[in-house]
Amino acid sequence: MKLIINGKETEINKTVTINDLVREKGLNPLLVVVEHNYKIPERKSWETTTLKDGDKLEILKFVGGG
């Protein structure tokens, strides 16, 4: 299945949820925001939202600074 993640086409060989994808990318789910097909889903739905071929995601992580 092909996903568009942050503007880049990515091939995924298994069914994953938003939560699975965030963890596979090595990101802390508490420190990122995910946009899924132009909507921002509630974090509690990440474990049940299964990604499908052609889905578009933007993953933004928080960065501190001063």
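## Basis of the model

Because the model is predicted, local features are given only at pLDDT of at least 70 and side-chain atom pairs only at pLDDT 80 or more, whereas totals for chains, interfaces and linings use all residues. Residues are numbered from 1 along each chain as its sequence is written, and side-chain values use heavy atoms, with hydrogens and water left out.

## Overall fold

Along the principal axes, the C-alpha atoms fill a box of roughly 40 × 25 × 20 Å. Among contacts (heavy atoms within 4.5 Å) between residues at least 6 apart in sequence, 53% join residues at least 24 apart.

## Surface and charge

Of the 66 residues, 32% count as buried, where buried means under 20% relative accessible area, exposed over 50%, and partly exposed in between, with a 1.4 Å probe and protein chains only. The accessible surface, from the Shrake-Rupley method with a 1.4 Å probe, comes to about 4,700 Å², and 51% of that surface belongs to carbon and sulfur atoms.

The protein carries 11 positive and 10 negative charges, whose mean positions are 3 Å apart. Lys and Arg count as positive and Asp and Glu as negative, while His and the chain ends are not counted; each charge is placed at NZ of Lys, CZ of Arg, CG of Asp or CD of Glu.

Strand S1 (residues 2–5) pairs with strand S2 (residues 8–11) in the antiparallel sense over four bridges, pairing being assigned if DSSP finds at least two bridges between the strands. Within this pair, Lys-2 stands opposite Glu-11 in S2. Two residues lie between S1 and S2 in the hairpin, and Asn-6 in the turn has a positive phi of about 50°.

## The loop between S3 and S4

Asn-37 lies in the loop between strand S3 (32–36) and strand S4 (56–61), and has a positive phi of about 50° although it is not a glycine. Tyr-38 is found in the loop between S3 and S4, and it too is a non-glycine residue with a positive phi, of about 70°.

Asn-37 is partly exposed because its relative accessible area is 29%, whereas Tyr-38, with a relative accessible area of 64%, is exposed.
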